[in-house]
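User: Hello! I am new to this kind of model and would like to learn how to read it. Could you walk me through it step by step?

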Amino acid sequence: MNLWEMIVAVVVMGAIVKMYQARYGVTEDKQGNRVATRNDPDADRLREEVRTLKERLAVLERIATDNNRALDLDREIDRLR
């Protein structure tokens, strides 16, 4: 294989790689970082679950750090027992 055949082979392989990346939703941003652009139902479901968990964590943090509210909550729980 001479030099020109090798150059053509490398260019063709690069084109094939780019084609597969585009097919499976992988593109590059302006800085050259790879970004997945394909909408994946599992990824969307996981994003929604993470958002929900973050909201729940925020509520738990608010309850744990608010001393007056925590004391009121303890009293209310004891009163319900």
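User: Is Arg-45 buried, exposed or partly exposed, and what is its relative accessible area?

Analyst: The general idea is a scale with two cut-offs: buried means under 20% relative accessible area, exposed means over 50%, and partly exposed lies in between, with a 1.4 Å probe and protein chains only. Arg-45 has a relative accessible area of 47%, so Arg-45 is partly exposed. Please keep in mind that this is a predicted model, where local features need pLDDT of at least 70 and side-chain atom pairs count only at pLDDT 80 or more, while totals for chains, interfaces and linings use all residues. Residues are numbered from 1 along each chain as its sequence is written, and side-chain values use heavy atoms, leaving out hydrogens and water.

User: Which residue does the side chain of Arg-45 meet in a salt bridge?

Analyst: A salt bridge here is a side-chain nitrogen of Lys or Arg within 4 Å of a carboxyl oxygen of Asp or Glu. For Arg-45 the partner is Glu-49, at 3.7 Å from N to O. Glu-49 has 41% relative accessibility, so Glu-49 counts as partly exposed.

User: Which residues are linked in a network of salt bridges?

Analyst: Those are Glu-48, Arg-51 and Glu-55. Between Arg-51 and Glu-55, the closest N and O atoms are 2.4 Å apart. These two are 4 residues apart in helix α2, so about one helical turn lies between them. Arg-51 is partly exposed at 40% relative accessibility, and Glu-55 is partly exposed too, with a relative accessible area of 44%.

User: Let us step back. How many helices and strands does the protein have?

Analyst: Helices (H or I, at least four residues) and strands (E, at least two) are DSSP runs, numbered from the N terminus. This protein has 3 helices and 2 strands, in the order α-β-β-α-α from the N terminus on. Its radius of gyration is 27 Å, well over the 12 Å that the globule rule gives for 81 residues, so the protein is more spread out than a compact globule. That radius is taken over C-alpha atoms, and the globule rule is 2.2 Å times the number of residues to the power 0.38. Along the principal axes, the C-alpha atoms fill a box of roughly 85 × 25 × 20 Å.

User: What percentage of the residues is buried?

Analyst: Buried residues make up 2% of the 81 residues.
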